[in-house]
Amino acid sequence: MSNGTTLTMGESSGVVRSMLDVSFYLRHIAKPGDLLMIDEPELYLHPENQRKFARLFALLTHFGIQVMITTHSDYFIREFNTLIMLHEDKPYLKRIADREGYSEEELLDKDKIRAYVAEPDLSQFRGNGSRYHTFVEADINDDEGIEARSFDKTIIKINEIQDAILWGDGE
């Protein structure tokens, strides 16, 4: 702190502790062929920093580090989708990437990544009537990126509710 006070790691915010772990790994341990696994990297991060972190993960893949994350963040998914869509070789996409500050090394080839979503397993039920979930490979295409149906359904529902509030529910 500017007044000379120091904080222990236990007194630091969750984002400081998380970023310190990633920073240490990248500076001192990381090498091509590694697998970096992070559970919910969006925790404690402002949406703009979630986008930056997604871009960092994409960049790491170009240096030969495999990245596996779990996320509930629409910002992460949308940024990955942007990186996938900008990868296509079209002049207007190159202009957009340049204007928005995306580097070629950040762009993602849809054929070199995999995404999975948790969906109910209709064949299995728990004793209390609830369903088990299973991971299903998501479709990925150049035009829209990763198809994240569960995220999309939630966003559509929120938009419908807010539209009804704003516009008077069709009255």
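User: Which helix holds Glu-79?

Analyst: Glu-79 is found in helix α3, where a helix is a DSSP run of H or I with at least four residues, a strand is a run of E with at least two, and both are numbered from the N terminus. This is a predicted model, in which local features need pLDDT of at least 70 and side-chain atom pairs count only at pLDDT 80 or more, while totals for chains, interfaces and linings use all residues. Residues are numbered from 1 along each chain as its sequence is written, and side-chain values use heavy atoms, with hydrogens and water left out.

User: Is Glu-79 buried or exposed, and what does its side chain meet?

Analyst: Glu-79 counts as buried because its relative accessibility is 2%; buried means under 20% relative accessible area, exposed over 50%, and partly exposed in between, with a 1.4 Å probe and protein chains only. The side chain of Glu-79 is joined to that of Arg-51 by a polar contact of 2.6 Å, that is, a pair of N or O atoms within 3.5 Å, one able to donate a hydrogen and the other to accept it, with residues adjacent in sequence counted only if both atoms are side-chain atoms. Beyond its neighbours within four places in sequence, Glu-79 is in contact (heavy atoms within 4.5 Å) with Arg-51, Ala-54, Arg-55 and Tyr-102.

User: How should I read the pockets, and what lines the largest pocket?

Analyst: Rolling a probe the size of a water molecule over the atoms shows where empty space is left. A pocket is an open set of points on a 1 Å grid where a 1.4 Å probe fits, with protein on both sides within 12 Å along at least five of seven lines, and its lining residues have an atom within 4 Å of a point. The largest pocket has a volume of about 1100 Å³, the volume being the space filled by probe spheres set on the points. Val-67, Ile-69, Arg-114, Ala-115 and Tyr-116 are the closest to its centre among the 32 residues that line the largest pocket. At least two lining residues come from each of α2 (47-62), β2 (66-70), α3 (74-85), β3 (116-125) and α5 (149-167), and the largest share, 5 residues, comes from β2.

User: Does α3 or another element give the most to the lining of the second largest pocket?

Analyst: For the second largest pocket, with a volume of about 200 Å³, α3 gives the most to the lining, with 6 residues. Of its 14 lining residues, Arg-78, Asn-81, Glu-144, Ile-146 and Asp-152 are the closest to the centre. Besides α3, both β6 (145-146) and α5 supply at least two residues of this lining.

User: What is the phi of Glu-40, and where does Tyr-44 lie?

Analyst: Most residues other than glycine have a negative phi. Glu-40, however, has a positive phi near 50°, and Tyr-44 has a positive phi near 75°. Glu-40 has its place in the loop between β1 (35-39) and α2, and Tyr-44 lies in the loop between β1 and α2. Glu-40 counts as partly exposed at 21% relative accessibility, whereas Tyr-44 is exposed, with a relative accessible area of 60%.
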